[in-house]
Amino acid sequence: SAGTLEDVRARGELRCVVSTGIPGFAYTDSAGVYQGFDADFCRATAAAVLGDANKVKWVPATGKTRFTVLNSGEGDVLWRNTTMTYVRDVDVKLTFVGINYYDGQGFMVPKSLGVKSAKELNGATVCIQTGTTTELNLSDFFRANKIKYEPVPIETNDEARTNYLAGRCDVYTTDASGLAATRATFPTPKDHIILPEIISKEPLGPAVRQGDDTWADIVRWTYNATVAAEELGITKANVAELQKGTNNPEINRMLGTEGDLGAMLGLNKDWVVKIVGSVGNYGEIFNRHIGVDTPIGLERGLNALWTNGGLQYTAPFR
């Protein structure tokens, strides 16, 4: 039976499971084309496997449907702000192959509510996406602090935005990055605050179906390549020049100038050149879509390179 790599190549496109819409991470632009941080990792995967970052079929999925879509074979890889957890890894039978964004669950409220802490939310109505880790985290936090809340279940981020702005819930809770992304789309973002409490660990990253180790390696090392490229100073602008050869053996191995690491994955020698030449390195992807100079305005924080005090760290290419 053919593996996922063979299926993708025979089809000529990568089916990438993404969010139904989160600004900065995965959303459709005015031309109906998916853009964002997660979307570019889909493109990076397509560039590695097919040599063309544009050969992506977007498969939008909600928090409830994303795992069914992946495990049923409707998608080849899930790049969709998804938290790695024990149950998802073991019982849902996914294989997580990296953490491309370290996050945590937070709370957003209107300034007019006069609240400075999540512990002041007794009796609040809370918009929360079903089928996500945020449901259990929310329940645990309120129970531990002996305060009550009324959940307002929603399916998508757009639905949460609509309900929150219409005043149907006092609070919106999700990953802090998602709160910042959603707030950036409000008519008056400054009228809303993200409370200081971060109540969980949310390691977000790509997942594939269990049972295809080669495909898992391809997605894992696609992500690793973007991190290593940033660490080694390989950028979208200079990758073609560096491909001609450098004094750094690891750069030469990554770019196919020395040896053939790509062949070990069933990929072409220049697979990393295709990735970085298409979407840039990890820092370029981050800064372009969600960094401090974008409307989302996120600091690198935990997602800085390990050399800068962050957690982004990759095994070496050797």
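**Close-up views of a predicted model**

**View 1. Strand 8 and strand 11 run antiparallel to one another.** In this predicted model, strand 8, which covers residues 105-110, pairs with strand 11 in the antiparallel sense over 4 bridges. Within this pairing, Met 108 has Tyr 172 of strand 11 as its bridge partner.

**View 2. Strand 9 pairs with strand 11 in the parallel sense.** Strand 9, made up of residues 124-129, is joined to strand 11 by 2 bridges, and here Cys 127 stands opposite Tyr 172.

**View 3. Strand 11 is largely enclosed by the rest of the structure.** The strand spans residues 171-175, and because 5 of its 5 residues are buried, it is described as largely enclosed; buried here means a relative accessible area under 20%.

**View 4. Lys 93 has a positive phi in a loop.** This lysine lies between helix 4 (86-90) and strand 6 (94-96), and the phi of Lys 93 is about 65° although the residue is not a glycine. Most residues other than glycine have a negative phi. With a relative accessible area of 47%, Lys 93 is partly exposed.

**View 5. Lys 146 also has a positive phi, of about 55°, without being a glycine.**

Notes
Residues are numbered from 1 along each chain as its sequence is written. This is a predicted model: local features need pLDDT of at least 70, side-chain atom pairs count only at pLDDT 80 or more; totals for chains, interfaces and linings use all residues. Side-chain values use heavy atoms; hydrogens and water are left out. Buried means under 20% relative accessible area, exposed over 50%, partly exposed in between (1.4 Å probe, protein chains only). Two strands pair if DSSP finds at least two bridges between them.
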